[in-house]
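Please have the sequence and the model open as you read.

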Amino acid sequence: MFARIAGTYDGLNKTLSMGIDRRWRKAVIARAGQLKGARVVDLCCGTGDLSLLFAKQGAQVIGADFTHEMVKLAPAKRSAMGPDMPALFVQGDAQYLPLPDDSMDVATVAFGIRNVESAERCLSEMLRVLRPGGKALILEFPPPSRGPAGQAFRLYFNQILPRSVMAWPKPDVFADKMRAAGFEDVGYKSMSAGIACLHWGSKPKAS
Ligand SMILES: C[S@@+](CC[C@H](N)C(=O)[O-])C[C@H]1O[C@@H](n2cnc3c(N)ncnc32)[C@H](O)[C@@H]1O
């Protein structure tokens, strides 16, 4: 499905979200803390927008997505931002990361974990590759509310993703999944009248 929409994904995203998606990705950066030299893996990176925001802050970023048609568009965006942008893009599955244990300061996923066959498997890979104290930052769309914001969201969302992946737990339920996966200091913040939600958690420090 993503291979089919890759060429129009960025434009569709910008138009349908009226640019708010940029604000949501910036909230991830704000939550990440000190990023100069930090090692960041951005899973389900798509065409690389979040990866490149991290790279702009001086982080060393690996963006991974299993849809070649999406991730192959990222290097041109990197080049357009100037030389030596510290971001590397690879094709890879968020459930099986070819990264060593305890090797990353931040593991992030924006609007992608709902598409992964096993969100639990993805969370456990994020936990494995994070160093103790490292942060997981996850952006997702919670179930839409009944009000006008919820209606607008439904319109946006139905254009971007197939209905088969509409089902996603409420923020407090997903926060419990993060705790069950082994994260601590778990929390979340609803944004834009509950249209998007930023989840976070840390890998426990070694005792
Ligand atoms: C809605 S897009 C989000 C892209 C990007 N993170 C953004 O914020 O624009 C979801 C992405 O998840 C990717 N994806 C789905 N399942 C995946 C998996 N198991 N491993 C890696 N990427 C996956 C798709 O290829 C797609 O590019």
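## About the model

This is a predicted model, in which local features need pLDDT of at least 70, side-chain atom pairs count only at pLDDT 80 or more, and totals for chains, interfaces and linings use all residues. Residues are numbered from 1 along each chain as its sequence is written.

## The chain as a whole

Let us begin with the overall picture. The chain has 8 helices and 7 strands; these are DSSP runs, with helices being H or I of at least four residues and strands E of at least two, numbered from the N terminus. Of the 207 residues in the chain, 39% are buried. A residue is called buried if 20 or more other C-beta atoms lie within 10 Å of its own, exposed if 12 or fewer, and partly exposed in between, with C-beta atoms placed from the backbone.

Among the contacts with a separation of 6 or more, 69% join residues 24 or more positions apart. Two residues are in contact if their C-beta atoms, placed from the backbone, lie within 7 Å.

## Helix α6 and its surroundings

Helix α6 (residues 119-129) and helix α8 (residues 171-181) have axes that come within 9 Å and cross at roughly 50°. Axes here are lines fitted to C-alpha atoms, for helices over the stretch in contact, and angles run from 0 to 180 degrees between N-to-C directions. The two helices α6 and α8 are therefore oblique to each other; angles under 35 degrees count as roughly parallel, over 145 as roughly antiparallel, 65 to 115 as roughly perpendicular and the rest as oblique.

On the α6 side, Ala 119, Glu 120, Leu 123, Ser 124 and Leu 127 meet Lys 177, Met 178 and Ala 181 of α8. The residues of this contact divide into 5 nonpolar, 1 polar and 2 charged. In this scheme Ala, Val, Leu, Ile, Met, Phe, Trp, Tyr, Cys and Pro count as nonpolar, Asp, Glu, Lys and Arg as charged, and the others, Gly among them, as polar. Buried residues in α6 are Ala 119, Cys 122, Leu 123, Glu 125, Met 126, Leu 127 and Val 129. Their cover includes β1 (39-43), β4 (104-110), β5 (130-140) and α8.

## Helices α2 and α3

A second pair to look at is α2 (residues 20-32) and α3 (residues 49-56), which pack at an angle of about 45° with their axes 10 Å apart. Helices α2 and α3 are therefore oblique to each other, and their crossing is right-handed. Arg 25, Lys 26, Val 28 and Ile 29 of α2 make the contact with Asp 49, Leu 50, Leu 53 and Phe 54 of α3. By class, this contact has 5 nonpolar, no polar and 3 charged residues.

## Around the ligand

Which residues come nearest to the ligand? Of the 19 residues around the ligand, they are Cys 44, Gly 46, Thr 67, Ala 94 and Ala 110. A residue is near a molecule if its C-beta atom, placed from the backbone, lies within 6 Å of it. The shell has 11 nonpolar, 5 polar and 3 charged residues.

## Residues worth a visit

Most residues other than glycine have a negative phi. Asp 84, in the loop between α5 (74-80) and β3 (87-91), has a positive phi near 60°. Asp 84 is exposed, with 7 other C-beta atoms within 10 Å. Ala 193 also has a positive phi, of about 55°, and is placed in the loop between β6 and β7 (196-202). With 13 C-beta neighbours inside 10 Å, Ala 193 is partly exposed.

Pro 142 sits in the loop between β5 and α7 (148-160) and counts as buried, because 21 C-beta neighbours lie inside 10 Å. Not counting residues up to four places away in sequence, Pro 142 touches Trp 168, Lys 170, Pro 171, Gly 194 and Cys 197. In strand β6 (residues 184-191) you will find Asp 185, which is partly exposed, with 13 other C-beta atoms within 10 Å. Asp 185 and Trp 200 are 15 residues apart in sequence, and their C-alpha atoms are 7.8 Å apart in space.

Terms used. A crossing is left-handed if the near helix is turned anticlockwise from the far one by less than a right angle, and right-handed if clockwise.
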